[in-house]
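Hello,

Here is the structure I promised to hand over. Please have it open while you read the notes below.

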Amino acid sequence: MGDEVDSFLEYLKDIKRYSLNTLIAYSEDLNQFVEFCEKVELVHEWSEVTSGMIRRFGAGMMLGSLEFGEGERIHKMKPQSAKSVNRKLSSLRSMFRYLIREGIVDADPVELVNAPKIRKKLPVFVPDDEMDDLLDNGFEKGDFPSLRDWMILKVAYCTGMRRSELAALKIENVDMESKVIRVLGKGDKERLIPILDELSVDIKAYLAVRKTKANKEKAGSFFFITDAGLPANAAYIAAHVKKQLNKVSALSQRSTHVLRHSFATALLNNGAESEAIRKLLGHESLAATQIYTHNSFEKLKQVYNKAFDRAKRKGGDYGNQN
(Lines give C-alpha, C1' and ligand atoms only; values in the text may rest on other atoms or scores of the structure.)
Protein backbone atom coordinates (compact mmCIF):
# COMPACT_ATOMS: atom_id res chain seq x y z
CA MET A 1 0.00 0.00 0.00
CA GLY A 2 2.93 2.28 0.66
CA ASP A 3 4.06 2.11 -2.97
CA GLU A 4 0.73 3.50 -4.15
CA VAL A 5 0.97 6.32 -1.58
CA ASP A 6 4.42 7.23 -2.91
CA SER A 7 3.10 7.28 -6.49
CA PHE A 8 0.15 9.43 -5.47
CA LEU A 9 2.41 11.93 -3.70
CA GLU A 10 4.61 12.15 -6.79
CA TYR A 11 1.49 12.87 -8.83
CA LEU A 12 0.46 15.65 -6.45
CA LYS A 13 3.95 17.14 -6.56
CA ASP A 14 4.69 16.91 -10.29
CA ILE A 15 1.25 17.19 -11.90
CA LYS A 16 -0.95 19.03 -9.40
CA ARG A 17 1.95 21.21 -8.16
CA TYR A 18 0.86 21.04 -4.53
CA SER A 19 2.89 22.93 -1.94
CA LEU A 20 5.40 21.19 0.33
CA ASN A 21 3.20 21.70 3.41
CA THR A 22 0.23 20.12 1.65
CA LEU A 23 2.34 17.16 0.53
CA ILE A 24 3.57 16.64 4.10
CA ALA A 25 -0.02 16.64 5.38
CA TYR A 26 -1.15 14.11 2.73
CA SER A 27 1.85 11.89 3.49
CA GLU A 28 1.13 11.87 7.22
CA ASP A 29 -2.60 11.14 6.77
CA LEU A 30 -2.17 8.36 4.23
CA ASN A 31 0.76 6.63 5.91
CA GLN A 32 -1.14 6.60 9.20
CA PHE A 33 -4.06 4.92 7.46
CA VAL A 34 -1.76 2.38 5.77
CA GLU A 35 -0.23 1.51 9.16
CA PHE A 36 -3.71 1.16 10.66
CA CYS A 37 -4.79 -1.16 7.83
CA GLU A 38 -1.70 -3.36 8.06
CA LYS A 39 -1.44 -3.60 11.87
CA VAL A 40 -5.07 -3.42 13.00
CA GLU A 41 -7.20 -4.56 10.07
CA LEU A 42 -4.51 -6.93 8.70
CA VAL A 43 -5.02 -5.94 5.07
CA HIS A 44 -2.21 -5.10 2.64
CA GLU A 45 -4.01 -4.08 -0.55
CA TRP A 46 -6.07 -0.98 -1.27
CA SER A 47 -8.68 -3.14 -2.96
CA GLU A 48 -9.36 -4.83 0.42
CA VAL A 49 -10.20 -1.58 2.22
CA THR A 50 -13.85 -1.23 3.26
CA SER A 51 -15.95 1.64 4.51
CA GLY A 52 -16.10 -0.06 7.91
CA MET A 53 -12.30 0.07 8.19
CA ILE A 54 -12.34 3.78 7.39
CA ARG A 55 -15.04 4.39 10.03
CA ARG A 56 -12.98 2.52 12.65
CA PHE A 57 -9.90 4.53 11.67
CA GLY A 58 -11.80 7.81 12.08
CA ALA A 59 -13.33 6.72 15.40
CA GLY A 60 -9.94 5.62 16.71
CA MET A 61 -8.49 8.98 15.76
CA MET A 62 -11.21 10.91 17.58
CA LEU A 63 -10.96 8.69 20.68
CA GLY A 64 -7.17 8.75 20.74
CA SER A 65 -7.01 4.94 20.91
CA LEU A 66 -4.59 4.36 18.00
CA GLU A 67 -0.83 3.78 18.27
CA PHE A 68 1.73 4.36 15.53
CA GLY A 69 5.39 3.45 15.09
CA GLU A 70 7.42 0.49 16.28
CA GLY A 71 9.60 -0.40 19.26
CA GLU A 72 10.94 2.58 21.16
CA ARG A 73 9.43 4.97 18.60
CA ILE A 74 5.85 3.84 19.21
CA HIS A 75 3.48 6.60 20.32
CA LYS A 76 -0.21 6.85 21.10
CA MET A 77 -2.14 9.39 19.08
CA LYS A 78 -3.88 12.10 21.06
CA PRO A 79 -7.63 12.46 20.45
CA GLN A 80 -8.11 14.32 17.16
CA SER A 81 -10.69 17.00 16.47
CA ALA A 82 -13.49 16.54 13.95
CA LYS A 83 -11.66 19.00 11.69
CA SER A 84 -8.47 16.88 11.74
CA VAL A 85 -10.38 13.67 11.05
CA ASN A 86 -12.22 15.33 8.17
CA ARG A 87 -8.87 16.34 6.70
CA LYS A 88 -7.71 12.73 6.86
CA LEU A 89 -10.93 11.55 5.21
CA SER A 90 -10.39 14.16 2.49
CA SER A 91 -6.88 12.81 1.92
CA LEU A 92 -8.26 9.28 1.62
CA ARG A 93 -10.98 10.48 -0.75
CA SER A 94 -8.35 12.02 -3.03
CA MET A 95 -6.25 8.87 -2.78
CA PHE A 96 -9.12 6.65 -3.86
CA ARG A 97 -9.98 8.92 -6.78
CA TYR A 98 -6.39 8.49 -7.91
CA LEU A 99 -6.53 4.70 -7.41
CA ILE A 100 -9.74 4.45 -9.44
CA ARG A 101 -8.20 6.51 -12.24
CA GLU A 102 -5.16 4.21 -12.22
CA GLY A 103 -7.35 1.09 -12.34
CA ILE A 104 -6.10 -0.19 -8.96
CA VAL A 105 -9.53 -0.18 -7.28
CA ASP A 106 -13.08 -0.17 -8.64
CA ALA A 107 -14.88 1.98 -6.04
CA ASP A 108 -14.34 4.59 -3.35
CA PRO A 109 -15.33 3.26 0.12
CA VAL A 110 -14.96 6.77 1.60
CA GLU A 111 -18.24 7.72 -0.16
CA LEU A 112 -20.14 5.57 2.35
CA VAL A 113 -18.53 7.23 5.38
CA ASN A 114 -20.21 10.21 7.05
CA ALA A 115 -17.72 12.85 8.08
CA PRO A 116 -17.93 14.05 11.70
CA LYS A 117 -19.68 17.38 12.06
CA ILE A 118 -17.56 20.46 12.73
CA ARG A 119 -18.81 23.36 14.78
CA LYS A 120 -18.50 26.43 12.59
CA LYS A 121 -16.43 29.19 14.11
CA LEU A 122 -16.63 32.72 12.86
CA PRO A 123 -13.30 34.03 11.58
CA VAL A 124 -11.48 36.26 14.04
CA PHE A 125 -10.74 39.69 12.59
CA VAL A 126 -9.47 43.10 13.69
CA PRO A 127 -12.16 45.81 13.41
CA ASP A 128 -11.28 48.70 11.09
CA ASP A 129 -10.93 51.29 13.85
CA GLU A 130 -8.60 49.09 15.93
CA MET A 131 -6.51 48.28 12.87
CA ASP A 132 -6.21 51.98 12.07
CA ASP A 133 -5.13 52.70 15.63
CA LEU A 134 -2.51 49.95 15.54
CA LEU A 135 -1.04 51.10 12.23
CA ASP A 136 -1.09 54.77 13.22
CA ASN A 137 0.25 54.53 16.76
CA GLY A 138 1.83 51.15 17.37
CA PHE A 139 5.31 51.63 15.92
CA GLU A 140 8.49 53.59 16.55
CA LYS A 141 9.65 55.88 13.76
CA GLY A 142 13.22 55.78 12.45
CA ASP A 143 13.80 52.15 13.47
CA PHE A 144 14.11 49.54 10.69
CA PRO A 145 12.76 46.50 12.62
CA SER A 146 9.75 48.58 13.64
CA LEU A 147 9.31 49.86 10.06
CA ARG A 148 9.56 46.33 8.67
CA ASP A 149 7.01 44.96 11.15
CA TRP A 150 4.67 47.85 10.32
CA MET A 151 5.10 47.06 6.61
CA ILE A 152 4.35 43.35 7.14
CA LEU A 153 1.19 44.25 9.04
CA LYS A 154 0.02 46.79 6.49
CA VAL A 155 0.72 44.65 3.41
CA ALA A 156 -0.97 41.63 5.02
CA TYR A 157 -4.02 43.68 6.01
CA CYS A 158 -4.34 45.52 2.68
CA THR A 159 -3.81 42.44 0.47
CA GLY A 160 -5.09 39.41 2.43
CA MET A 161 -1.96 37.44 1.53
CA ARG A 162 -1.12 34.22 3.34
CA ARG A 163 2.04 34.13 5.46
CA SER A 164 3.75 31.83 2.94
CA GLU A 165 2.88 34.31 0.19
CA LEU A 166 4.26 37.20 2.23
CA ALA A 167 7.51 35.27 2.74
CA ALA A 168 7.77 34.45 -0.98
CA LEU A 169 6.97 38.00 -2.11
CA LYS A 170 9.74 39.60 -4.16
CA ILE A 171 10.31 43.21 -5.12
CA GLU A 172 9.74 42.45 -8.79
CA ASN A 173 6.26 41.09 -7.89
CA VAL A 174 5.26 44.58 -6.81
CA ASP A 175 4.42 46.51 -9.97
CA MET A 176 4.45 50.14 -8.86
CA GLU A 177 3.60 51.43 -12.34
CA SER A 178 0.47 49.32 -12.75
CA LYS A 179 -0.17 49.42 -8.99
CA VAL A 180 -0.72 45.68 -8.58
CA ILE A 181 0.97 42.92 -6.61
CA ARG A 182 1.43 39.60 -8.40
CA VAL A 183 0.93 36.79 -5.90
CA LEU A 184 1.86 33.18 -6.58
CA GLY A 185 -0.60 31.25 -4.44
CA LYS A 186 -1.47 27.62 -3.82
CA GLY A 187 -0.91 25.34 -6.79
CA ASP A 188 1.33 27.99 -8.38
CA LYS A 189 -1.77 29.97 -9.37
CA GLU A 190 -1.13 33.66 -9.91
CA ARG A 191 -3.54 36.37 -8.84
CA LEU A 192 -3.39 40.16 -8.95
CA ILE A 193 -4.10 42.40 -5.96
CA PRO A 194 -4.43 46.16 -6.44
CA ILE A 195 -2.18 48.56 -4.51
CA LEU A 196 -3.79 51.57 -2.85
CA ASP A 197 -2.16 54.95 -3.49
CA GLU A 198 -1.38 55.23 0.23
CA LEU A 199 0.19 51.78 0.29
CA SER A 200 2.20 52.61 -2.82
CA VAL A 201 3.80 55.57 -1.04
CA ASP A 202 4.54 53.42 2.02
CA ILE A 203 6.12 50.67 -0.08
CA LYS A 204 8.47 53.15 -1.77
CA ALA A 205 9.54 54.49 1.63
CA TYR A 206 10.10 50.99 2.99
CA LEU A 207 12.10 49.80 -0.03
CA ALA A 208 14.38 52.84 0.23
CA VAL A 209 15.33 51.84 3.79
CA ARG A 210 15.37 48.10 3.01
CA LYS A 211 18.02 48.75 0.36
CA THR A 212 20.44 49.98 3.02
CA LYS A 213 19.76 47.09 5.43
CA ALA A 214 19.65 44.03 3.11
CA ASN A 215 22.49 41.52 2.87
CA LYS A 216 23.08 41.91 -0.86
CA GLU A 217 24.40 38.36 -1.32
CA LYS A 218 21.74 36.52 0.67
CA ALA A 219 18.63 38.70 0.70
CA GLY A 220 18.21 38.69 -3.08
CA SER A 221 15.04 40.50 -4.05
CA PHE A 222 12.86 39.16 -1.23
CA PHE A 223 10.55 41.96 -0.14
CA PHE A 224 10.65 41.25 3.60
CA ILE A 225 13.99 40.81 5.37
CA THR A 226 15.07 40.12 8.95
CA ASP A 227 16.95 42.48 11.25
CA ALA A 228 20.14 40.86 9.94
CA GLY A 229 19.18 41.62 6.33
CA LEU A 230 18.30 38.02 5.39
CA PRO A 231 15.07 36.79 3.74
CA ALA A 232 12.23 36.59 6.28
CA ASN A 233 10.66 33.12 6.18
CA ALA A 234 7.03 32.30 6.98
CA ALA A 235 7.72 31.43 10.63
CA TYR A 236 9.58 34.73 11.12
CA ILE A 237 6.70 36.71 9.63
CA ALA A 238 4.13 34.83 11.73
CA ALA A 239 6.06 35.52 14.95
CA HIS A 240 6.34 39.24 14.22
CA VAL A 241 2.66 39.53 13.28
CA LYS A 242 1.69 37.81 16.53
CA LYS A 243 3.92 40.20 18.48
CA GLN A 244 2.15 43.22 16.97
CA LEU A 245 -1.36 41.79 17.30
CA ASN A 246 -0.71 41.22 21.01
CA LYS A 247 -1.35 44.96 21.26
CA VAL A 248 -5.00 44.31 20.36
CA SER A 249 -6.18 42.90 23.69
CA ALA A 250 -9.63 41.70 22.62
CA LEU A 251 -8.38 39.20 19.99
CA SER A 252 -8.78 35.50 20.78
CA GLN A 253 -6.29 34.65 18.00
CA ARG A 254 -3.21 36.53 16.84
CA SER A 255 -1.92 35.24 13.53
CA THR A 256 -1.30 36.28 9.93
CA HIS A 257 -4.59 34.59 9.04
CA VAL A 258 -6.42 37.04 11.34
CA LEU A 259 -5.22 39.83 9.03
CA ARG A 260 -6.42 37.80 6.03
CA HIS A 261 -9.83 37.52 7.72
CA SER A 262 -9.74 41.25 8.47
CA PHE A 263 -9.05 42.02 4.81
CA ALA A 264 -11.98 39.91 3.61
CA THR A 265 -14.39 41.17 6.27
CA ALA A 266 -13.54 44.82 5.53
CA LEU A 267 -14.19 44.24 1.82
CA LEU A 268 -17.52 42.54 2.46
CA ASN A 269 -18.68 45.22 4.91
CA ASN A 270 -17.94 47.87 2.31
CA GLY A 271 -20.00 46.28 -0.46
CA ALA A 272 -17.61 43.89 -2.23
CA GLU A 273 -19.24 40.81 -3.81
CA SER A 274 -18.24 37.35 -2.61
CA GLU A 275 -16.88 36.36 -6.04
CA ALA A 276 -14.54 39.36 -6.09
CA ILE A 277 -13.32 38.54 -2.57
CA ARG A 278 -12.77 34.91 -3.63
CA LYS A 279 -10.48 36.01 -6.46
CA LEU A 280 -8.51 38.40 -4.25
CA LEU A 281 -8.03 35.71 -1.59
CA GLY A 282 -7.13 33.03 -4.13
CA HIS A 283 -9.82 30.61 -2.93
CA GLU A 284 -10.55 27.63 -5.18
CA SER A 285 -14.29 27.74 -4.56
CA LEU A 286 -16.81 30.30 -3.41
CA ALA A 287 -17.75 28.05 -0.48
CA ALA A 288 -14.47 28.90 1.26
CA THR A 289 -15.34 32.60 1.01
CA GLN A 290 -18.93 32.34 2.23
CA ILE A 291 -17.88 32.14 5.88
CA TYR A 292 -17.15 35.86 5.83
CA THR A 293 -20.81 36.57 5.17
CA HIS A 294 -21.50 35.17 8.66
CA ASN A 295 -19.30 37.86 10.19
CA SER A 296 -21.29 40.55 8.43
CA PHE A 297 -24.58 38.92 9.41
CA GLU A 298 -23.52 38.80 13.08
CA LYS A 299 -22.70 42.52 12.88
CA LEU A 300 -26.09 43.15 11.26
CA LYS A 301 -27.84 41.24 14.07
CA GLN A 302 -26.11 43.40 16.69
CA VAL A 303 -27.23 46.57 14.92
CA TYR A 304 -30.76 45.15 14.53
CA ASN A 305 -31.03 44.16 18.20
CA LYS A 306 -29.81 47.58 19.28
CA ALA A 307 -32.27 49.34 16.99
CA PHE A 308 -35.33 47.30 17.97
CA ASP A 309 -34.70 46.50 21.65
CA ARG A 310 -37.88 48.17 22.91
CA ALA A 311 -37.41 46.82 26.44
CA LYS A 312 -34.20 48.75 26.94
CA ARG A 313 -35.73 51.87 25.42
CA LYS A 314 -38.59 51.62 27.94
CA GLY A 315 -36.24 50.84 30.80
CA GLY A 316 -37.73 47.47 31.67
CA ASP A 317 -38.16 43.81 30.77
CA TYR A 318 -40.47 43.88 27.76
CA GLY A 319 -41.21 40.16 27.91
CA ASN A 320 -42.45 40.29 31.53
CA GLN A 321 -44.73 43.32 31.38
CA ASN A 322 -48.18 42.87 32.93
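**Salt bridges**

Glu28, Asp29, Arg87 and Lys88 form a linked network of salt bridges. The term means a side-chain nitrogen of Lys or Arg within 4 Å of a carboxyl oxygen of Asp or Glu. Before the rest, two notes on the source. Residues are numbered from 1 along each chain as its sequence is written, and side-chain values use heavy atoms, with hydrogens and water left out. The model is predicted: local features need pLDDT of at least 70, side-chain atom pairs count only at pLDDT 80 or more, and totals for chains, interfaces and linings use all residues.

How many salt bridges does this rule give? The count comes to 15.

One of them joins the side chains of arginine 87 and glutamate 28, at 3.4 Å from N to O. This pair links distant parts of the chain: arginine 87 sits in helix H4 and glutamate 28 in helix H2, 59 residues apart. Helices here are DSSP runs of H or I with at least four residues, strands are runs of E with at least two, and both are numbered from the N terminus. Arginine 87 is partly exposed, at a relative accessible area of 39%. Glutamate 28 is partly exposed too, at 42%. The classes are: buried under 20% relative accessible area, exposed over 50%, partly exposed in between (1.4 Å probe, protein chains only). The areas themselves come from the Shrake-Rupley method with a 1.4 Å probe; for residues, only the protein chains shown count as cover.

Next, aspartate 227 and arginine 148. Their side chains meet in a salt bridge of 2.9 Å, N to O. Again the pair links distant parts of the chain, 79 residues apart. Aspartate 227 is in the loop between helix H8 (197–213) and helix H9 (234–245), while arginine 148 is in helix H6 (residues 144–159). Are the two ends buried or exposed? Aspartate 227 is partly exposed, with a relative accessible area of 48%. Arginine 148 counts as buried because its relative accessibility is 0%.

Aspartate 202 and lysine 154 make another salt bridge, at 2.6 Å from N to O. Aspartate 202 belongs to helix H8 and lysine 154 to helix H6; this pair also links distant parts of the chain, 48 residues apart. Both aspartate 202 and lysine 154 are buried.

**Charges without a partner**

Look at aspartate 108 next. Its place is in the loop between helix H4 (82–101) and H5. Aspartate 108 is buried, yet it has no salt bridge. The nearest side chain of opposite charge is arginine 93, 5.1 Å away. For charges, Lys and Arg count as positive and Asp and Glu as negative; His and the chain ends are not counted. A polar atom of the aspartate 108 side chain does lie 2.9 Å from the backbone nitrogen of valine 110.

Then there is a surface patch of negative charge. Asp128, Asp129, Glu130, Asp132, Asp133 and Asp136 gather there. Patch residues have over 30% relative accessible area and no salt bridge; like charges are joined within 9 Å, nonpolar side chains (Val, Leu, Ile, Met, Phe, Trp, Tyr) within 5 Å. The place of a charge is taken as NZ of Lys, CZ of Arg, CG of Asp or CD of Glu. Aspartate 132 is partly exposed, with a relative accessible area of 40%.

**Positive phi**

Arginine 17 is not a glycine, yet its phi is positive, at about 60 degrees. Arginine 17 lies in the loop between helix H1 (2–14) and helix H2 (20–41). It is partly exposed, at 46% relative accessible area.

Lysine 179 also has a positive phi, near 60 degrees, in a residue other than glycine. Lysine 179 is in the loop between strand S3 (174–175) and strand S4 (180–184). At 32% relative accessibility, lysine 179 is partly exposed.

**Two leucines**

Leucine 66 is in the loop between helix H3 (51–63) and strand S1 (67–68). Leucine 66 counts as buried because its relative accessibility is 9%. Its C-alpha atom is 9.7 Å from that of glutamine 32, 34 residues away along the chain.

Leucine 135 lies in helix H5. At 12% relative accessibility, leucine 135 is buried.

Best wishes

Terms used. Polar contact = N/O pair within 3.5 Å; in protein donor to acceptor, adjacent residues only side chain to side chain.
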